[in-house]
Amino acid sequence: MLNFSWSVVFFGLQKPKISLIIIFAMIGLTGYLLWISSGKRLAFWTLLPYFLWILFAMYLNFYIVANNMNTMKAVCVLDSQTMKKGVSGIVYLEETADKKTRIYGSIRGLRPGLHGFHIHEAGDMTKGCDSACSHYNPYGHNHGGLTAKKRHVGDLGNVEAGKNGVAAIDIVDRFVKLRGKYSVIGRSLVVHEDEDDLGNGNHDDSLTTGHSGKRLACGVIGYAKI
Ligand SMILES: [Cu+2]
Ligand SMILES: [Zn+2]
């Protein structure tokens with residue numbers, strides 16, 4: 001889906017700096033054409049490059065949208081790392097047209113019920129899921145639920161496994177980003193043994209981890225093939 005951007009709409013390019021260089025080149029070209037035409041058929045020759053450019057921009061736009069080139073997509077393969085408990089999953093993260101991120105996929109091998117599910121700060125699996133650090137929290141808030149106004153960026157609430165131990169995931173979130181300063185690419189997804197209390201429990205760790213217990217499986221979030 002198209003990730004809306006004015007530089008794409010007007011100039012067919014995703015790079016605003018390159019668009020600016022092209023605008024200046026167009027102004028220069030106009031000046032040159034005005035100079036050589038010295039009044040003869042001025043309007044046509046002045047406007048022709050603009051018409052051509054608009055056609056080219058429309059073509060580039062169409063190409064970018066048709067090939068999904070403007071959408072960022074990431075993937076995380078979760079496994080039990082050092083835990084050897086047979087929990088595994090594949091979760092995709094994809095930008096939506098309204099600049100949110102859709103997080104979808106499934107995790108299997110879970111005990112039926114709710115399990116805390118978070119983006120942790122580090123994509124470091126050197127000590128299994130334990131080296132993934134805390135919940136990704138660039139704004140310094142307390143732990144909360146997915147729908148809380150203030151929460152860790154990494155707080156994705158709970159996933160719910162059915163009787164077969166499989167949890168289907170489909171979340172759309174406005175805090176999780178796949179580009180820019182707060183991109184989660186290179187960080188990790190972790191699924192926990194226990195339910196995340198969304199910060200509402202009165203445990204010591206309710207406002208830091210949601211009291212979700214051990215880390216059952218995790219994986220590094222990386223760029224996906226599109
Ligand atoms: Cu976690
Ligand atoms: Zn948290």
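Mentor: C133 has 15 C-beta neighbours inside 10 Å, so it counts as partly exposed. Please keep in mind that this is a predicted model.

Trainee: What makes C133 partly exposed rather than buried or exposed?

Mentor: Set the value against the cut-offs: buried needs 20 or more other C-beta atoms within 10 Å, and exposed needs 12 or fewer. C133 has 15, so it falls in between and is partly exposed. As for its place, C133 is in the loop between β5 (126-129) and β6.

Trainee: What is the phi of C133?

Mentor: C133 has a positive phi of about 65°, although it is not a glycine. Most residues other than glycine have a negative phi. L198 is another residue other than glycine with a positive value, near 60°. L198 sits in the loop between β8 and β9.

Trainee: Why is L198 called buried?

Mentor: L198 has 21 other C-beta atoms within 10 Å. The label asks for 20 or more, so L198 is buried.

Trainee: How do you know that I119 is buried?

Mentor: The same cut-off of 20 or more applies. I119 has 25 other C-beta atoms within 10 Å, so I119 is buried. I119 is in strand β4, and its contacts beyond four places in sequence include Y136, V153, L156, V184 and L189. The C-alpha atoms of I119 and V184 are separated by 7.7 Å, with the two residues 65 apart along the chain.

Trainee: What makes β4 and β6 a pair?

Mentor: Two strands pair if there are at least two bridges between them. Five bridges join β4 to β6 (residues 155-161), so they pair, and they run antiparallel. Here H115 has V159 in β6 as its bridge partner. With β8 (residues 188-192), β4 pairs in the antiparallel sense over four bridges, and the partner of H120 in β8 is S188.

Trainee: How do you know that β1 pairs with β9?

Mentor: Three bridges join β1 to β9, and at least two are needed, so they pair; the two run antiparallel. A74 has Y223 in β9 as its bridge partner. β1 also pairs with β2 in the antiparallel sense, over six bridges, and K73 stands opposite E94 in β2.

Trainee: Which residues of β1 lie on its covered face, and which on its uncovered one?

Mentor: A74, C76 and L78 form the covered face, while K73, V75 and V77 form the uncovered one. In a regular strand the side chains alternate between the two faces of the sheet.

Trainee: Which residues touch the most other members of the largest nonpolar core?

Mentor: Of its 29 residues, they are L78, I107, L189, V191 and A217. The largest share of this core, four residues, comes from β9. Leaving aside neighbours within four places in sequence, I107 is in contact with residues including L78, V159, V191 and A217.

Trainee: How many helices and strands does the protein have?

Mentor: There are three helices and nine strands. From the N terminus on, the order is α-α-α-β-β-β-β-β-β-β-β-β. Buried residues make up 30% of the 226 residues.

Definitions and conventions
Residues are numbered from 1 along each chain as its sequence is written. Chains are lettered from A and ligands numbered from 1 in the order in which they are written. This is a predicted model: local features need pLDDT of at least 70, side-chain atom pairs count only at pLDDT 80 or more; totals for chains, interfaces and linings use all residues. A nonpolar core is a set of buried Ala, Val, Leu, Ile, Met, Phe, Trp, Tyr and Cys residues joined through C-beta atoms within 7 Å. Two residues are in contact if their C-beta atoms, placed from the backbone, lie within 7 Å.
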